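User: Could you take a close look at one residue and its surroundings for me? I'd like to see how its side chain is held and what lies around it.

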Amino acid sequence: MNTNVNYTKHWEGVYQTKEDEQLGWFEDFPETTLQLIEKCNLDPDATILNVGAGTTRLIDALIERGFTNIIANDLSNAALQKLEQRILKNYDFKLKCIVDDLTNPKELLQLQNIELWVDRAVLHFFLLEEEQKTYFNIIKKVVRKRGYVLIAVFSLEGAEKCSGLPLQRYNAEMLQNHLGSEFNLIEAFEHIYINPSESERPYIYTLFQRQ
């Protein structure tokens, strides 16, 4: 991260001043993420952790598919409040929300036996090696054996900034190196996301399984 930026203040401001459909990463239906989740063949009561969730529609889609044990994490309390209220209104579903910093975690470290870790577009905001190491160490601590890790971030050909912030871009090999040999790459592919302003955003989507 850029140490000159107050990231909590930044993301609180984003979610307090913009509608979901105005966000550059908004997806009305997260089809690409769901395609990878289907490959995991998870039980309905599998524990799914969506980090950097914001106000994602992925949670809605998971509930509609019968999943009952879903946790949403974000740095922004405003985002998670909006998400929780929408879910409660539409599904009468009590979503567990954790406001925590992936680069300085507290409550996240108390989790265990996560069967699916989902990250669409938060890892790439962590610029410092120490922040990246902390992020991947959380994965190694909370994801169970045979559990899955789904990471989708800007590819090496992707944009250099998002929401006005600089990014660290990735390919599958870089993600594998961070996770280490204990995690096997199941699938990786490039995907061009068209954002609400109709601009192209190249992503890399990856699915790993812990041995």
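Analyst: Happy to! A polar atom of the arginine 210 side chain lies 2.5 Å from the backbone oxygen of valine 143. The side chain of arginine 210 also makes a polar contact of 2.7 Å with the side chain of glutamate 182; a polar contact here is a pair of N or O atoms within 3.5 Å, where within protein one must be able to donate a hydrogen and the other to accept it, and residues adjacent in sequence count only if both atoms are side-chain atoms. Please keep in mind that this is a predicted model, in which local features need pLDDT of at least 70 and side-chain atom pairs count only at pLDDT 80 or more, while totals for chains, interfaces and linings use all residues. Residues are numbered from 1 along each chain as its sequence is written, and side-chain values use heavy atoms, leaving out hydrogens and water.

Arginine 210 sits in strand E9, residues 200-210 (strands are DSSP runs of at least two E residues, numbered from the N terminus). Because its relative accessibility is 9%, arginine 210 counts as buried (under 20% relative accessible area, with a 1.4 Å probe and protein chains only).

Leaving aside residues up to four places away in sequence, arginine 210 touches Ile139, Lys140, Val143, Arg144, Lys145, Arg146, Gly147, Glu182 and Phe183, where contact means heavy atoms within 4.5 Å. As for Arg146, its C-alpha is 4.8 Å from that of arginine 210, although 64 residues separate the two in sequence.

Notes:
Helices (H or I, at least four residues) and strands (E, at least two) are DSSP runs, numbered from the N terminus. Buried means under 20% relative accessible area, exposed over 50%, partly exposed in between (1.4 Å probe, protein chains only).
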